[in-house]
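User: I would like to learn how to read the features of a model like this one, starting with the ligand site and moving on to charged pairs and the core. Could you take me through them in turn?

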Amino acid sequence: MDWDAFFTLHDGLPREGPGCPEDVHWAIGVAGTHGEARVCDAGCGPGADTETLAEALPDAWIDAVDLHGPFAAATAARCARFGPRVKAWQGDMGTLSGPYDLIWCAGALYFLGVTEGLTAMRPMLTRAGRVAFSEPVLLGGKETQALRDFWEEYPGITDRAGIERRISAAGYRTFDTRLIVGAPWEAYYLPMERRIAELRAEGVPETVEQALREGEREIANWRAASGRIAYLLSVVAPE
Ligand SMILES: C[S@@+](CC[C@H](N)C(=O)[O-])C[C@H]1O[C@@H](n2cnc3c(N)ncnc32)[C@H](O)[C@@H]1O
């Protein structure tokens, strides 16, 4: 993977994974987060969900952290209108101090592993703290080539029961789950498709062209199996 080429394609996209504001609102409702809550957007990307969290929780204090500095900077710029109650910085979500009433982690926990990530987050939570995270999930049924190709870089993908086992192995219980399928993926892929067309029109070196082709292949595989490509959003807490 040529990371410079990858980020040429990805920097400037509104979000870095599937999701929509309704997912954030749903998780806040299940978690019961309210008032002057302390919230973390772990692996915030360019801050689409940080913004939704800040709007939905007008009195909350929100930290947003991402390993990729330009994403953290984009989140800080996007959320500047909320003033000091929203802070974004480049950092590792596995080593935060907290404590947080809610850790929101959209499409990022698999970088640590579900069990490992939840274990690392336990000391970052308040006594009634919750984690809401989304994770690739297999829905069952016939495995098509497009589905296999789509998930080829995530061999650890499992089904709902497998995710539940990983949650239990960290000593957490699940309050509720919701599937992320269809429209929330469009929110990720349609802007990426436009960005690919813009970069092509500008003219790019071969390394970037390769990243564009890779992006197109991913989008084509998603289109071919879009009803079966899903994340499971889970709201969990330590037992
Ligand atoms: C698939 S993207 C999702 C980004 C964002 N949550 C969204 O939905 O737009 C995953 C993000 O996790 C970040 N990431 C990966 N490992 C991380 C870590 N240990 N600490 C903080 N961020 C991490 C990546 O840089 C990337 O921005």
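This is a predicted model: local features need pLDDT of at least 70, side-chain atom pairs count only at pLDDT 80 or more; totals for chains, interfaces and linings use all residues.

User: Which backbone atoms lie by nitrogen atoms of the ligand?

Analyst: A polar contact is a pair of N or O atoms within 3.5 Å. A polar backbone atom of glycine 43 is 2.7 Å from a ligand nitrogen, one of methionine 93 is 2.9 Å from a ligand nitrogen, and a backbone N or O atom of alanine 106 also lies 2.9 Å from a nitrogen atom of the ligand. Taken alone, the ligand exposes 600 Å², of which the protein buries 91%, with areas computed by the Shrake-Rupley method and a 1.4 Å probe.

User: How should I read a salt bridge, and how many does the structure hold?

Analyst: Side chains of opposite charge can pair when their charged atoms come close. The criterion is a side-chain nitrogen of Lys or Arg within 4 Å of a carboxyl oxygen of Asp or Glu, and the structure holds 14 such salt bridges. In one of them, arginine 15 meets aspartate 49 at 3.1 Å, N to O. Arginine 15 lies in the loop between α1 (3-10) and α2 (21-31) and aspartate 49 in helix α3 (residues 48-56), so the pair ties together parts that are 34 residues apart in sequence; helices (H or I, at least four residues) and strands (E, at least two) are DSSP runs, numbered from the N terminus.

User: Are arginine 15 and aspartate 49 buried or exposed?

Analyst: Buried means under 20% relative accessible area, exposed over 50%, and partly exposed in between (1.4 Å probe, protein chains only). Arginine 15, at 10%, counts as buried, and aspartate 49 is buried as well, at 6%.

User: Which residues are linked in a network of salt bridges?

Analyst: Such a network links Arg200, Glu206, Glu209, Arg213 and Glu216. Within it, the side chains of arginine 200 and glutamate 216 meet at 2.8 Å, N to O, and this pair joins helix α8 (residues 183-202) to helix α9 (residues 206-224). Glutamate 209 and arginine 213, whose closest N and O atoms are 3.5 Å apart, both lie in helix α9, four residues apart, about one turn of the helix.

User: Where is the cis peptide bond?

Analyst: The cis bond joins glycine 98 and proline 99, with omega about 0°, and proline 99 sits in the loop between β3 (86-90) and β4 (100-105).

User: Finally, which residues have the most contacts inside the largest nonpolar core?

Analyst: In soluble globular proteins, nonpolar side chains tend to be buried together. A nonpolar core is a set of buried Ala, Val, Leu, Ile, Met, Phe, Trp, Tyr and Cys residues joined through side-chain atoms within 4.5 Å. The largest one has 45 residues, with Trp151 and Trp185 making the most contacts inside it, and α8 gives the most to this core, with six residues.

Terms used:
Residues are numbered from 1 along each chain as its sequence is written. Side-chain values use heavy atoms; hydrogens and water are left out. A polar contact is a pair of N or O atoms within 3.5 Å; within protein, one must be able to donate a hydrogen and the other to accept it, and residues adjacent in sequence count only if both atoms are side-chain atoms.
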